[in-house]
Amino acid sequence: MEQHKRRVHYSGKYPKKFEEKYKEQNPEKYADTVAHVISKGSTPAGMHISIMVKEILDVLKIQPGEQGLDCTLGYGGHTRKMLEQLQGKGCVYGLDVDPIESKKTVERLRKAGFDENLFKFKLTNFANIDEVCKEAGKFDFVLADLGVSSMQIDDPKRGFSYKIEGPLDLRLDPEHGQSAAERLHSITRDEFVGMLATNSDEPYAEEIADKVFNLMKKGDPMDTTSALKAAIESALWKVPKEEKNDAIKKSCARVFQALRIDVNSEFEVLYAFLEKLPNILSPGGRVAVLTFHSGEDRLVKQSFKALFKEGVYSDISRDVTRPSPEEQRLNPRSKSTKLRWAVKA
């Protein structure tokens, strides 16, 4: 007999810490709680709300019997909708580098009735789409959602958010590579300035780098999210009082973004994906890409335009599509999203 597990106790009317939000992390059992959280414009703990689902399905035009690829499985929301379009005929491959969340997602999709014939999972980076193609054959539709999943952002143990105390990690795959803290200790002050400028256009890059490296020189391990946030706050001491709170918030977001991009080699991965993409698409194959900051969007735009001119793509999006105002209200994390698409000649 399974031992009864007592619920987590918390002070106040509503839970504040990630581990206390046990109802939000069990949507099958507490659907009303999850619906209430979403209606307030928040993302339930341990969940991810898929962005621009209708717009993506409109672009991909999925037909029963086709083969598709979701390059970033995440919580599996997009994958599930694509699988539903196949009506039991065809297959979707899902890729992800996160061994923690992908295991949970595969289990959810299996319980939803999508067996190995309909849905196949590969624990790999989407830079390796050519290797997947060797096994699977070419794809009729491809989705690449380049955003970090809410489950990763909200879990303090993953260290993705400056708003939550946790280890300064930021790795999508926490089992491989350097953490953000280790990365900081392996580079120079000037390299950090370059990282902040290149990856997030941080206007206070010099001041932040000076503060961070001075603190580390004095023995600060700079190994927690709160330590880095405090360093950023201290670095912006010259900012006028009436502007300071907003400036600190934006700089924290940009610095964490810059480190995340660097630690996960996100630009290198995107370069590899865009270069290999045409070779894994069937003639007439459709691809949709969701980007979340200007650097990503610029790379996708340039690649699609160049390959359209060469005749590799028969059609591309002339401009970005953005989430509707209603979607942005219900899911504030969607506000920076841009959708671009292309069709293989």
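How many aromatic pairs does the structure hold? The structure holds five, where rings of Phe, Tyr and Trp (its six-membered ring) pair if their centres lie within 6.5 Å. Before the details, a word on the source. This is a predicted model, in which local features need pLDDT of at least 70, side-chain atom pairs count only at pLDDT 80 or more, and totals for chains, interfaces and linings use all residues. Residues are numbered from 1 along each chain as its sequence is written, and side-chain values use heavy atoms, with hydrogens and water left out.

Now one of the pairs. A pair of aromatic rings is described by the distance of the centres and the angle of the planes. For Phe-192 and Phe-213 the centres are 6.0 Å apart and the planes stand at 45 degrees, so this pair is tilted; planes under 30 degrees apart count as stacked, over 60 as edge-to-face and the rest as tilted. Phe-192 belongs to helix H8 (residues 189-200) and Phe-213 to helix H9 (residues 205-217), so the pair ties together parts 21 residues apart in sequence. Helices here are DSSP runs of H or I with at least four residues, strands are runs of E with at least two, and both are numbered from the N terminus.

Is Phe-192 buried or exposed? Phe-192 counts as buried, at 0% relative accessibility, and Phe-213 is buried at 15%. Buried means under 20% relative accessible area, exposed over 50%, and partly exposed in between, with a 1.4 Å probe and protein chains only.

Last, the whole protein. Its secondary structure comes to 14 helices and seven strands, and 50% of its 345 residues count as buried.
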